Amino acid sequence: MADSYLKTAITARLRQIKAHDNYRSLRSPLSYPDGEDFIDLSHNDYLSLRADKNWQAELWEHCRGLPCGAGGSRLLGGEFFALQELEAQFAEFKCAPAALYFNSGYAANEACLPALAVALEDSHFFSDARNHASIIDGFRLAKIPANKRTIYPHLDMNALEHGLRQSSAKLNVIITESIFSMDGDMCDLPLLMSLVARYRGLLVVDEAHAVGVRGERGAGLIEEQGIAHEQIISINTCGKALGVCGAFVCSPVWFKDYLINTARPFIFTTAPSPWIAAALSATLPRIQQLNFKRTQLRLFADHIRAELRAKGFDTGKSCTQIIPVLATSSTQALSWSKELARQGIIAPAIRPPTVAQPRLRLSVSV
């Protein structure tokens with residue numbers, strides 16, 4: 001029977017994953033430590049907005065009068081004023097010309113890169129080696145030929161400039177995260193912008209782990225490092241520090257129009273819930289008022305990192321609220337995670353293929 005062959009093949013593959021200590025399963029809420037005083041370092045709700053019961057109750061009030069479901073794609077019955085108003089509000093928040101809302105950061109990245117690749121016949125794409133899986137999958141969907149793409153070593157600006165200097169393309173597209181999700185280090189945006197200016201470039205920045213926690217108003221590393229958004233495209237996830245879900249592509253107006261007309265993850269999916277749009281619209285003003293929390297988060301992360309390094313643990317080049325504790329094997333990372341769980345601390349072990357080097361990923365929140 002075909003299904004018997006399928007089960008045998010998949011079971012064998014699962015045994016291989018388990019043999020390398022890389023097997024994963026969904027964690028039951030009941031697996032959390034007893035009591036309410038445990039420390040959870042597994043989530044990306046950096047400002048703890050989900051845990052603020054008063055704020056969550058207030059968000060419900062903003063949803064009154066709106067349906068939960070959109071009912072269809074935004075081009076086919078699923079458009080609401082709440083979504084249009086939210087996009088204008090987010091563009092103003094980012095000091096960007098325009099914003100387009102997607103159901104997730106993954107969908108936003110899968111939309112942007114194929115759209116750019118199709119539009120730019122004479123272009124070369126440069127991507128940091130440790131960019132998120134959604135960026136990697138965006139490249140795959142774009143089907144960019146090998147001679148038109150370069151994966152440069154992580155944050156190696158000399159290697160990037162060498163590649164840019166060798167490129168004869170009319171436009172060189174550089175894609176990077178602003179804060180890297182597994183290493184907790186960050187890029188130098190002013191330096192990248194100088195390369196863009198010298199080598200016929202365009203910068204695409206994923207601000208997933210920066211929006212909400214960096215910059216005076218929480219608008220991200222772009223704001224903090226003083227970069228004019230008119231010259232770049234940014235992807236801004238709302239399911240982390242903003243405590244909701246979805247993501248915005250911020251860009252020139254003409255690129256937003258282009259995505260609406262060509263981006264498959266936008267065209268062929270049901271529009272986001274109007275409830276989510278209302279919740280985000282209420283959250284944006286609040287985020288801008290939480291600078292004291294951003295400062296607290298940075299100081300707390302600095303303290304944890306310093307203590308770990310003093311005890312001989314390798315935290316790589318982390319300088320943000322994401323702190324990796326690098327291990328020598330998946331077995332060691334799992335052992336650390338289990339021991340911390342016994343002490344009431346949830347710290348997930350991150351293993352291949354998610355990362356090349358196993359680690360604990362400590363995600364600090366305040």
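Leu-221 lies in helix H8 (residues 221-224), where helices (H or I, at least four residues) and strands (E, at least two) are DSSP runs numbered from the N terminus. The model is predicted, with local features requiring pLDDT of at least 70 and side-chain atom pairs counting only at pLDDT 80 or more, while totals for chains, interfaces and linings use all residues. Residues are numbered from 1 along each chain as its sequence is written, and side-chain values use heavy atoms, with hydrogens and water left out. At 0% relative accessibility, Leu-221 counts as buried, a term that means under 20% relative accessible area, as against exposed at over 50% and partly exposed in between (1.4 Å probe, protein chains only). Leaving aside its neighbours within four places in sequence, Leu-221 is in contact with Ser-178, Met-186, Cys-187, Leu-189, Glu-207, Ala-210 and Arg-214, contact meaning heavy atoms within 4.5 Å. Ser-178 is 43 residues from Leu-221 along the chain, and the C-alpha atoms of the two residues are separated by 6.4 Å.

**Close-up of helix H5 and the elements around its buried residues.** In helix H5 (residues 133-142), the buried residues are Ser-134, Ile-135, Asp-137, Gly-138, Phe-139 and Ala-142. Lys-143 follows H5 and has a positive phi, near 55°.

**Close-up of the crossing between helices H3 and H11.** Two packed helices are described by the angle between their axes and the distance between the axes. The axes of H3 (residues 81-94) and H11 (residues 274-288) come within 9 Å and cross at roughly 20°; axes are lines fitted to C-alpha atoms, for helices over the stretch in contact, and angles run from 0 to 180 degrees between N-to-C directions. H3 and H11 are therefore roughly parallel to each other, given that angles under 35 degrees count as roughly parallel, over 145 as roughly antiparallel, 65 to 115 as roughly perpendicular and the rest as oblique. Their crossing is left-handed, a label used if the near helix is turned anticlockwise from the far one by less than a right angle, with right-handed used if clockwise. On the H3 side the contact is made by Ala-82, Leu-83, Leu-86, Gln-89, Phe-90 and Phe-93, and on the H11 side by Ala-277, Leu-280, Ser-281, Leu-284, Pro-285, Ile-287 and Gln-288. By class, the contact of H3 with H11 has 10 nonpolar, 3 polar and no charged residues, where Ala, Val, Leu, Ile, Met, Phe, Trp, Tyr, Cys and Pro count as nonpolar, Asp, Glu, Lys and Arg as charged, and the others, Gly among them, as polar.

**Close-up of the crossing between helices H2 and H11.** The axes of H2 (residues 53-63) and H11 come within 8 Å and cross at roughly 125°, and the two helices are therefore oblique to each other. The crossing of H2 and H11 is right-handed. Trp-55, Leu-59, Trp-60, His-62 and Cys-63 in H2 meet Trp-275, Ala-278, Ala-279, Ala-282, Thr-283 and Arg-286 in H11, and by class this contact has 8 nonpolar, 2 polar and 1 charged residues.

A search of the whole structure finds 9 aromatic pairs, for which rings of Phe, Tyr and Trp (its six-membered ring) pair if their centres lie within 6.5 Å, with planes under 30 degrees apart counting as stacked, over 60 as edge-to-face and the rest as tilted. The rings of Tyr-101 and Phe-248 have their centres 4.7 Å apart and their planes at 35°, so the pair is tilted. This pair links distant parts of the chain, with Tyr-101 in strand E2 (residues 98-102) and Phe-248 in strand E8 (residues 247-251), 147 residues apart. Tyr-101 is buried at a relative accessible area of 2%, and Phe-248 is buried at 0%. Phe-102 and Phe-266 form an edge-to-face pair, 5.9 Å centre to centre with 65° between the planes. This second pair joins Phe-102 in strand E2 to Phe-266 in helix H10 (residues 264-267), 164 residues apart, and both residues are buried. Phe-90, Phe-93, Tyr-101 and Phe-248 form one aromatic cluster.
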